[in-house]
Amino acid sequence: MKKRQVVIKQRSRNSNTSSSWTTTSSSATSSIRYVECQKNHAANIGGYAVDGCREFMAAGVEGTDDSLRCAACGCHRNFHRKEVNTEVVCEYSPPNA
């Protein structure tokens, strides 16, 4: 899971004040999940057939070659559909008057 925090400071110019600062802080968290296998096993004969594997399960520990192979169907991870879930949380503080 990746977490990133961004702080943006903007200067707003109002006719009544010379300058003021507003601060926006946002945090984004993304999680990636590999779901059903989409490898066409009948492509070499001109057909279409998938194996029915519903979710990628790594065959080995992270960092090894086996971590990119599915334990259920034996396919590479790239054959599985990728789902990216991103959650963004923003905090806003109004300028001080």
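Helices (H or I, at least four residues) and strands (E, at least two) are DSSP runs, numbered from the N terminus. On that basis the protein, which is a predicted model, has zero helices and three strands, and its elements run β-β-β from the N terminus on. Residues are numbered from 1 along each chain as its sequence is written, and side-chain values use heavy atoms, with hydrogens and water left out. Because the model is predicted, local features need pLDDT of at least 70 and side-chain atom pairs count only at pLDDT 80 or more, while totals for chains, interfaces and linings use all residues.

**Confidence and overall build**

- The average pLDDT (the predictor's confidence in each residue, from 0 to 100) is 80 for the protein, and 70% of the residues score at least 70.
- Among the elements, strand S1 (residues 2-12) has the lowest mean pLDDT, 53, whereas strand S3 (residues 80-93) has the highest, 84.
- Of the 97 residues, 18% are buried, where buried means under 20% relative accessible area, exposed means over 50%, and partly exposed lies in between (1.4 Å probe, protein chains only).
- Among contacts (heavy atoms within 4.5 Å) between residues at least 6 apart in sequence, 46% join residues at least 24 apart.

**Largest pocket**

- A pocket is an open set of points on a 1 Å grid over the protein atoms alone, where a 1.4 Å probe fits, with protein on both sides within 12 Å along at least five of seven lines; lining residues have an atom within 4 Å of a point.
- The largest pocket has a volume of about 190 Å³, a volume being the space filled by probe spheres set on the points, which are joined across faces, edges and corners.
- Its lining consists of Tyr34, Ala58, Glu62, Gly63, Ser67, Leu68 and Arg77, and by class these are three nonpolar, two polar and two charged residues.
- For these classes, Ala, Val, Leu, Ile, Met, Phe, Trp, Tyr, Cys and Pro count as nonpolar, Asp, Glu, Lys and Arg as charged, and the others, Gly among them, as polar.

**Loop between S2 and S3**

- Ala58 lies in the loop between S2 and S3 and counts as partly exposed because its relative accessibility is 42%.
- Beyond four places in sequence, Ala58 is in contact with Asp66, Ser67, Arg69 and Ala71, and its C-alpha is 8.3 Å from that of Arg77, 19 residues apart in sequence.
- Gly60, in the loop between strand S2 (20-37) and S3, is partly exposed with a relative accessible area of 26%, and it touches Asp66 and Ser67, not counting residues up to four places away in sequence.

**Strand S3**

- Lys82 is found in strand S3, is partly exposed at 48% relative accessibility, and touches Ile32, Arg33 and Tyr34, not counting residues up to four places away in sequence.
- Glu83 is also found in strand S3 and is partly exposed at 25% relative accessibility.
- Glu83 and Val35 are 48 residues apart in sequence and 7.2 Å apart in space, C-alpha to C-alpha, and Val35 is one of the residues that Glu83 contacts beyond four places in sequence, together with Ser31, Ile32 and Arg33.
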